[in-house]
Amino acid sequence: MTAPDLSHPSSRRQTQPVGVAGGSAGAPASVALALAALGIVFGDLGTSPLYALQEAFHPERGVAASAANVLGCTSLFLWSLIVMVSFKYVWVLMRADNQGEGGILALLALLVHDLSRGASARAGQLRWGGLWLLLALVGTAMLYGDGVITPAISVLSAVEGLSVATPAFDPYVVPLTVVILVGLFLIQSKGSGRVGVAFGPILAVWFVAIALLGIASLAATPEALAAFDPRHGIAFFQRNGFRGFVALGAVVLCLTGGEALYADMGHFGRRPIRLAWYGLALPALVLSYLGQAALLLRQPAAATRPFYAMVPDWALLPMVGLATLATIVASQALISAVFSLTHQAMQLGLSPRQRVVHTSAATRGQIYMPTLNWLLMLSTLAVVLGFRSSASLAAAFGLAVSTTMAITTVLFIALARLRWRWSVGRIAATTGVLMVADWAFVGANALKFADGGWLPLVMGSLVLLAMLSWHYGRHQMARARHPGDGLLLEDFITSLANSPPHRVEGTAVFLNEKGPEVPKILLHHLKHNQVLHERVVLLSLQTLDVPRVAEAERLQWQDLGQGFMRLSARYGFMESPDLPTLLEAACARCGEHLFDPMRTSFYMGRETITLLPTRSWLDRLLLPVFVWQRRNEVEAATHLGIPANRVVELGAWMELPPRVAH
C-alpha cells in the first residue's frame, strides 16, 4: 500500500489561530472561546456519567457493588480521566498540531509529510508510510462507528431517566428517543453554527448541575473521597482478577470524546480548551463520579441507575430535560465532527466526492453533507431500535473508542521519533503508561464482542473497506493514465508552432495532474475536434498536508507560449476548491483576462472502467468496490463549482488493473 500524496513545496509553519492558541488573545476572549468549547468539544465526555459507572456494575458483565469495588472502580475512573484525558489529550497530543489543526488525519498528514521529505529520507522509511496510512484509516473508520453509537446511547441514557420517575414511562423511552434523534438530524441542514448557538451555555449549566449533585451526595458520605487513592484501583484488580480486567470495558466509557477533543483543537486552540477542561469540565466530572460512588456506598442497590438515583424526586423531571438537551449537544458535536472528518478524507483522496453545503459564509469549517447525514440517521435509528437500552449499547460502545485511542498513541509515537527526534527513553517515559492503558482498554472491550462489540467492528470494517478501495483504485487509475510513454508538454507546444491548428476565440480549461506530460483529454479533444482555443489553461489542483493555504500562496502560474498557461492551485485538506472564483483570482494575480464566464469551457474526462480478470486477491476485493463508489460519487463539475452549461466531457475507456508492459 502506498501513502497518499501529501506533498507541500513551501516550508513548514506551525501556526495557531490568531488570538486563540498563540496567546495573543485577552482573558475575556479566551473565556468566551472556552464557553463555546464546552458545547462543541466536551459534549461527549460531559454526558458519560449518565451511563459509564452503571456499566461497571452490570449484573452480567460487571462486578458486585460492594464498598471495596465501588472505591476501586471509581478510582479507575478518576485516574483514567487524569492520565488519559488530562495528560494524553490535553497536555501531550495537543502539542502535535498541523498548523493548529488536530485529529487522526491531521496527525497522519504530519507523519507522512516527514517520512517523504528531505535528503535524509530512505526507501525503508518511505515504506512505513503505508503502515501509518492503514492505521489512520482503521482509526478513522472506528470513529464513524462512534458517530453512530454516540447519539443513540447518549439520548437513550437521558430519556431513560423517565423510567426512574415512574415505570409507566417505560414503553415511551424508545419512541421518544427516536423522535428526538429524527429531529436532530432534520435540523442539520441549518448548519452547526445556528444549531449550536446555545451549546456552550447548556453544557455549562449541565456541568454545574452534575457537580452540585455530586457535592450533595459526597456531603452525606465523604468516605468516597478515598477513591483518589490509586491503591484502591490496584486492589480492585487483585481482588477481582479477570473479572476486574473485564470491568475496564466500562472504565473506557468515561473517556468517550477524547478523540473529539483533539480533532476540534483547530476550532478553538489549545488555551480555551485547556481552560474549559481544567476550569469546569474535569472538576464537574470528578465530582459526579465521586457523588455516584458515595451514593453506592450508602445504597448498593442503586447500581442499576446511580446517576439518576442521586437526583432528588422534585428535580428528577427537570434533570431528565437538562440531560436530554446535553445529550443532543453531544450528539450534534459528533455529527459535525463526522462531517469534518469526511471532508478531510475527500480532500486527501481517501473518500469519493460527496455533496458539501457550506452553511456559513463567515466560518469555513461549518459544513453539511446531506447524503452522509441521512446515512447516519438511518444507522443511528437502527441501533436504537435494535438495542433498545443504554445498558445494551454500552457493550458496543467501548471497542470503537478504545481502538481509535490506541492507534492515535501509536501514530504519535511514530511522529515523536521520526520528526521530533525524541529518544527512545523519552518516548517510553511519556507514552509507556498510555500504551499499556490503551491496549488494556482494547482487550477488555474485545471481550464484549458477542454482547454488542461486533457492531462498531462491522461498521468500521465497511468504512475501512470503502476507504481502502478508493485509495487503491485511484492509485491504479493513476498507473493506467501515466504508463510512462506520454507526450511531453514541451515537445507538444513546439509541434504546435511548426504546424498550428485552427484556433477559436475564448478560453479552454483542462484539468490535469501536475507533470511534464500533455493531458490525455487535451490530445483527445484535438484529435476529434481539430481545433484549440486561443487561450489554453492547464489547471492542476493539489491538496496539501496542511489544513488551509494562505491566499498569497494559493496560485502559481507559468506562461508556456503559444497561448498556453500552466496554473497550479493549492488547497488545504479543510478547504473546498471553487474553480470560477479561482480563475478570477488568477486574472487579478497575473494581469491577464483569462476568465469570461460566457467564453470559457471546462474540459473534463470521464473514464468508463472495465475490470480485467486478475489473480490478485487485492484487485478482486477492492476494485469492484472502487468502481461502485466512482459511479455514485458527486460529479466533478458540481464538486468544483463549475456551471453545468460550461462543461465539455470527453469519454474514454480504461482497463483496471492496468496491463503491465513487457
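About 220 Å³ of space lies in the largest cavity. This is a predicted model, where local features need pLDDT of at least 70, side-chain atom pairs count only at pLDDT 80 or more, and totals for chains, interfaces and linings use all residues. Residues are numbered from 1 along each chain as its sequence is written, and side-chain values use heavy atoms, with hydrogens and water left out.

On a 1 Å grid over the protein atoms alone, a cavity is a set of points where a 1.4 Å probe fits but cannot get out; a pocket is an open set with protein on both sides within 12 Å along at least five of seven lines; lining residues have an atom within 4 Å of a point. Points are joined across faces, edges and corners, and a volume is the space filled by probe spheres set on them. Six cavities of 30 Å³ or more turn up in the whole structure. Around the largest cavity stand 17 lining residues, with L143, E259, A263, A337 and L341 nearest its centre. Two or more lining residues come from each of α5 (104-115), α14 (258-263) and α18. Helix α18 gives the most, six residues. Helices (H or I, at least four residues) and strands (E, at least two) are DSSP runs, numbered from the N terminus.

Now the open space. The second largest pocket has a volume of about 850 Å³. Its lining has 27 residues, and Q354, L372, L375, V463 and A466 lie nearest the centre. At least two lining residues come from each of α6, α18 (316-347), α19 (370-387), α22 and α26 (617-632). The largest share is that of α22, with six residues.

Helix α22 also holds V458. V458 counts as partly exposed because its relative accessibility is 42% (buried means under 20% relative accessible area, exposed over 50%, partly exposed in between; 1.4 Å probe, protein chains only). The C-alpha atoms of V458 and G145 are separated by 8.6 Å, though the two are 313 residues apart along the chain.

Next, the nonpolar interior. A nonpolar core is a set of buried Ala, Val, Leu, Ile, Met, Phe, Trp, Tyr and Cys residues joined through side-chain atoms within 4.5 Å. The largest core has 156 residues; F42, F57, W206, F207, L261 and W277 touch the most other members. Helix α6 (residues 123-159) supplies the largest share of this core, 15 residues. Apart from this core lies another, of 19 residues, including L567, A637, L640 and I642.

Beyond neighbours within four places in sequence, F207 is in contact (heavy atoms within 4.5 Å) with L38, F42, G46, L280, A281, A284 and L285. T74 lies in helix α4 (residues 67-92). T74 is buried, with a relative accessible area of 0%.

Finally, the sheet. Six strands form an open, mixed sheet in the order β5-β6-β4-β3-β7-β8 (two strands pair if DSSP finds at least two bridges between them). β5 (555-561) and β8 (647-656) stand at the edges with a single partner strand each, so one side of each has no neighbour in the sheet. The twist averages 25 degrees from one strand to the next (axes are lines fitted to C-alpha atoms, for helices over the stretch in contact, and angles run from 0 to 180 degrees between N-to-C directions). Helix α22 (residues 449-481) packs on the sheet, touching β7 (600-611) and β8; its direction makes about 95 degrees with that of β8.
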